[in-house]
Amino acid sequence: MTPKTFKIKSFGCQMNVYDGERMSELLGAQGMAAAADGEDADLVVLNTCHIREKAAEKAYSDIGRLRREDGSKPLIALAGCVAQAEGAEARRRSPMIDLVVGPQAYHRLPEMIAQAAGGGRPVDTDMPAISKFDALPARRRATPSAFLTVQEGCDKFCTYCVVPYTRGAEVSRPWDDIVAEAHALVDGGAREIVLLGQNVNAWSDGHRGLAELIRKLATIAGLERIRYTTSHPADMTDALIAAHGEVDKLMPYLHLPVQSGSNRILQAMNRSHTTDTYLRLLERMRAARPDIALSGDFIVAFPGETERDFEATLQLVDEVRYAAAYSFKYSARPGTPAATMEDQIPRDVMEDRLRRLHERINTHQLAFNRSKVGVHTQILIERAGRQDGQMIGKSPWLRSRRRPRHRPARARVRAALFARAAVRRLRPSPDYHRAAPRGAHRRAGQQGADRRRSGCCGARPRCPDWPLQPARQRP
Ligand code: 5AD
Ligand code: SF4
């Protein structure tokens, strides 16, 4: 039976979220409708991530749960990087899968769905040079903050990473296509565009780079904010650094993964930077844009990482004072050089290092958030919060902000999209909540009464009801 309703579940990075949106538009253009929340869909697309073992296994455990009580199941499409990495093998692992489509082939979904509905079992993991974008329908509606993929793939071959294998070589989309898509997103309601790429700062059309592209997009009337992610230190050009100081619409935020603070480990990872070159780069960024919020990625317990190497990572975190950072336990990925390296690190050591790194990152994150208390800024309102009338939005530094329900009225905020607000209250991140000793919460202004009023359990890790701190006066 040809499916009439669909559900797309995207895992992993923002590029998968973007791909999920494009698949949704594609299926919508075929006359299919997104299934309502809580309702069964005729077709389920699992848009998967392969970067760490846990993410890849999640795809398979989700497939099992798609079997309905009466024994029937929806049509199941495996998409994304697990599909690319495993191809037809995925169907042998899970016979419930009806079709397998890689990240470069999803424009073929409609015909593959028709084949699968007719009893076929199509697999397409071809990597034609980004022809999929030409085959996708034009963008019509956009969220206030919209993703726009400008570059795909990676040529860096870090020794732990599957991306060069699952997403292929670096390919940049043409300038005109990107500019046209940006206009369509703004016409469709976007006020912020986040340019995406596995190595977004490697974007080039042969003579222009990401900095020129950003300057061009900044001329679009109605577009208020531009961001880009994820970048590699090796591709941070002088022009891009200068753009941060000169283009007002380019937000003061940079996600620049470093992975380790030890030069020995960076070399084993095949990262082309050292801690020194990385720190110098950040110094130049701060000189160009003094209020920039810096973020990074870290891998702990890479094969051969000693306690001393790990301490060098902690030291780097202290030197940079990240506004946010993401850290992961090393996960051996089959086919990557690091997977067969000697000295794989025991699980308990991994966990201990990850916990210590989280603690250190959270200290700096909280300090950054505190430095913004009392600062008046624009918040891009993105969606309604859980409480009636509450709005959730983003500050220029990519910190999530909750707008109290009383002011301004929801309708007015919807129309304005931007609200001017002081950063009045501060919320420790969930990780901080878990990692910090009780005294630290109290030092951060936390009162037991606030906690009880908000329904926070106080002890449970990641309690979603952790209360906001009292507002401070505007300076
Ligand atoms: N194990 C753990 N983390 C990884 N990352 C990439 N590959 C692995 C791996 N094999 C992390 C890196 C990268 C982020 C997207 O995921 O920190 O920047
Ligand atoms: Fe993976 Fe990023 Fe390294 Fe490319 S630069 S191989 S995407 S970690």
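Visitor: Hi! Is C49 buried or exposed?
Guide: C49 is buried in this predicted model, because 21 other C-beta atoms sit within 10 Å of it and the cut-off for buried is 20 or more.

Visitor: OK, and where is C49 found?
Guide: C49 is in the loop between β3 (43–48) and α2 (53–64).

Visitor: What is C49 in contact with, leaving aside its neighbours within four places in sequence?
Guide: That would be F11, G12, C13, N16, A55, G80 and C81. Take N16: it is 33 residues from C49 along the chain, yet their C-alpha atoms are separated by 7.9 Å.

Visitor: New topic. Which residues surround ligand 1?
Guide: Among them are I51, R52, Y160, C161, Q259 and R333. The shell divides into seven nonpolar, two polar and three charged residues.

Visitor: And which ones are around ligand 2?
Guide: Those are C154, K156, F157, C158, C161, V163, P164, Q198, N199 and H232.

Visitor: Now strands. How many residues of β7 are buried?
Guide: Five of its five, covering residues 145–149. S145, F147 and T149 point one way, and A146 and L148 point the other way. In a regular strand, side chains alternate between the two faces of the sheet.

Visitor: Which strand does β7 pair with over five bridges?
Guide: β10 (residues 192–196), in the parallel sense. L148 of β7 stands opposite L195 in β10.

Visitor: Which residues touch the most other members of the largest nonpolar core?
Guide: L78, V101, L148 and I193, in a core of 105 residues. Domain 1 (5–124) and domain 2 (132–370) both give residues to this core, so it lies between them.

Visitor: Last one: which peptide bond is cis, with omega near 5°?
Guide: The bond from T229 to T230. T230 has its place in the loop between β11 (225–229) and α10 (238–246).

Technical notes:
Residues are numbered from 1 along each chain as its sequence is written. Chains are lettered from A and ligands numbered from 1 in the order in which they are written. This is a predicted model: local features need pLDDT of at least 70, side-chain atom pairs count only at pLDDT 80 or more; totals for chains, interfaces and linings use all residues. A residue is near a molecule or strand if its C-beta atom, placed from the backbone, lies within 6 Å of it. Ala, Val, Leu, Ile, Met, Phe, Trp, Tyr, Cys and Pro count as nonpolar, Asp, Glu, Lys and Arg as charged, and the others, Gly among them, as polar. A residue is buried if 20 or more other C-beta atoms lie within 10 Å of its own, exposed if 12 or fewer, and partly exposed in between; C-beta atoms are placed from the backbone. Helices (H or I, at least four residues) and strands (E, at least two) are DSSP runs, numbered from the N terminus. Two strands pair if DSSP finds at least two bridges between them. A nonpolar core is a set of buried Ala, Val, Leu, Ile, Met, Phe, Trp, Tyr and Cys residues joined through C-beta atoms within 7 Å. Domain bounds come from an automatic or database domain assignment. Two residues are in contact if their C-beta atoms, placed from the backbone, lie within 7 Å.
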